[in-house]
Amino acid sequence: MYVDPHDPKARLFLHYGDLSDGARLVTLLAEIKPDEVYNLAAQSHVRVSFDEPEHTADTTGVGTIRLLEAVRMSGIETKFYQASSSEMFGATPPPQNEDTPFYPRSPYGAAKVYSYWITKNYREAYGMYAVNGILFNHESPRRGETFVTRKITRAVAAIKAGKQDLLYMGNLDAVRDWGYAAEYVEGMWRMLQADEPDDFVLATGGNYTVRDFLQISFEHAGLNWENHVRFDERYLRPTEVDALVGDASKAQDKLGWKASVHTPELARIMVDADIQALKHAGNHWIDSVNLDSWKN
Ligand code: G4F
């Protein structure tokens, strides 16, 4: 819960800063002197990265070296976490682990590959405690509304409440390994508590299509997805990542981390949360048909 910074109990302090502004990052780090830095910042929507490739390269790719340089220039002792992504594997077939070759299929995936290697390079070149967490899709009720899981669970809530009838979708055949974000954040923290810096995959190992996620989510609300879902080609990507299914055995062996929430349970958690959220939002709810105009 947010506490006013004047309150002696306040423990969370927010600062302005931007990954496109390297000088500011140096000043901030020198001032805050954090023990741990988690680089979760990016233009993170894969479909949008085809519309804004240069901006994506700047924030998702070059932004990482600005932050790594800021750590180095400010001279602080800190551990560094880089949010690498299963999107780096792209066209390489599953199961994917830390030894799987990268074959990115989007400007986003390519920018993440750059960030992965530059993080590894700073570890080797400067002895920095810098790690890559290669996370497969991780979701929760806080997920952005234009990513596929939340787009579906919001629509289920709106359709159930009679506020919406149709949901327009792209490729239903894509396979993803969707886990629960709260568990993945603990995995990220564990990576920074290890004796040695290393790179780790976090995944559930599950194998579900977008169609499966639709079916589980609609069924949970007592609805038949086929009555409500329509195809719209604008949600297709110029190049698609067909299948991502992770093998997180290294994280289990070395960090004692294992996902316990699998995709079907995750879908039900998210549907329940969106049904509750809609009840609270009432007339302020923006349905997913309106969000559709955002093209993602
Ligand atoms: O939810 P998505 O947009 O996630 P995507 O592309 O897998 O990327 C997410 O996970 C990555 C980790 O692997 C992160 F690095 C990245 O930042 C992001 O968080 O799409 C999932 C799948 C895709 O195959 C997409 O083509 O769903 C398919 N899909 C089908 N219809 C759709 C839609 N995706 C979206 N966003 N909207 C649709 O209407």
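**Exercise 1.** How much space lies in the largest pocket?

*Solution.* The structure is a predicted model. In this model, the largest pocket holds about 1,200 Å³ of space. Its lining consists of 47 residues, and those nearest the centre are Asn137, His138, Glu139, Arg143 and Phe147. By class, the lining comprises 22 nonpolar, 15 polar and 10 charged residues. Several elements each supply at least two residues of this lining, among them helix 4 (107-126), strand 3 (130-135) and helix 5.

**Exercise 2.** Determine whether the span of helix 5 agrees with its number of residues.

*Solution.* Helix 5 covers residues 148-160, which makes 13 residues. The expected span is 1.5 Å times one less than the number of residues, so for helix 5 it should be 18 Å. The end C-alpha atoms of helix 5 are 18 Å apart, which agrees with the expectation.

**Exercise 3.** Is helix 5 largely enclosed or largely open?

*Solution.* A residue is buried when its relative accessible area is under 20%. The buried residues of helix 5 include Thr149, Arg150, Lys151 and Ile152. In total, 11 of the 13 residues of helix 5 are buried, and therefore the helix is largely enclosed by the rest of the structure. After helix 5 comes Gly162, which has a positive phi, near 75°.

**Exercise 4.** Describe the second largest pocket and its lining.

*Solution.* The space in the second largest pocket is about 630 Å³. Its lining has 22 residues, with His15, Leu28, Leu29, Ile32 and Pro34 nearest the centre. Helix 1 (22-32) and strand 1 (36-39) each contribute at least two lining residues. The lining divides into 14 nonpolar, three polar and five charged residues.

Note on methods:
Residues are numbered from 1 along each chain as its sequence is written. This is a predicted model: local features need pLDDT of at least 70, side-chain atom pairs count only at pLDDT 80 or more; totals for chains, interfaces and linings use all residues. Side-chain values use heavy atoms; hydrogens and water are left out. Helices (H or I, at least four residues) and strands (E, at least two) are DSSP runs, numbered from the N terminus. Buried means under 20% relative accessible area, exposed over 50%, partly exposed in between (1.4 Å probe, protein chains only). On a 1 Å grid over the protein atoms alone, a cavity is a set of points where a 1.4 Å probe fits but cannot get out, and a pocket is an open set with protein on both sides within 12 Å along at least five of seven lines; lining residues have an atom within 4 Å of a point. Grid points are joined across faces, edges and corners, and a volume is the space filled by probe spheres set on the points. Ala, Val, Leu, Ile, Met, Phe, Trp, Tyr, Cys and Pro count as nonpolar, Asp, Glu, Lys and Arg as charged, and the others, Gly among them, as polar.
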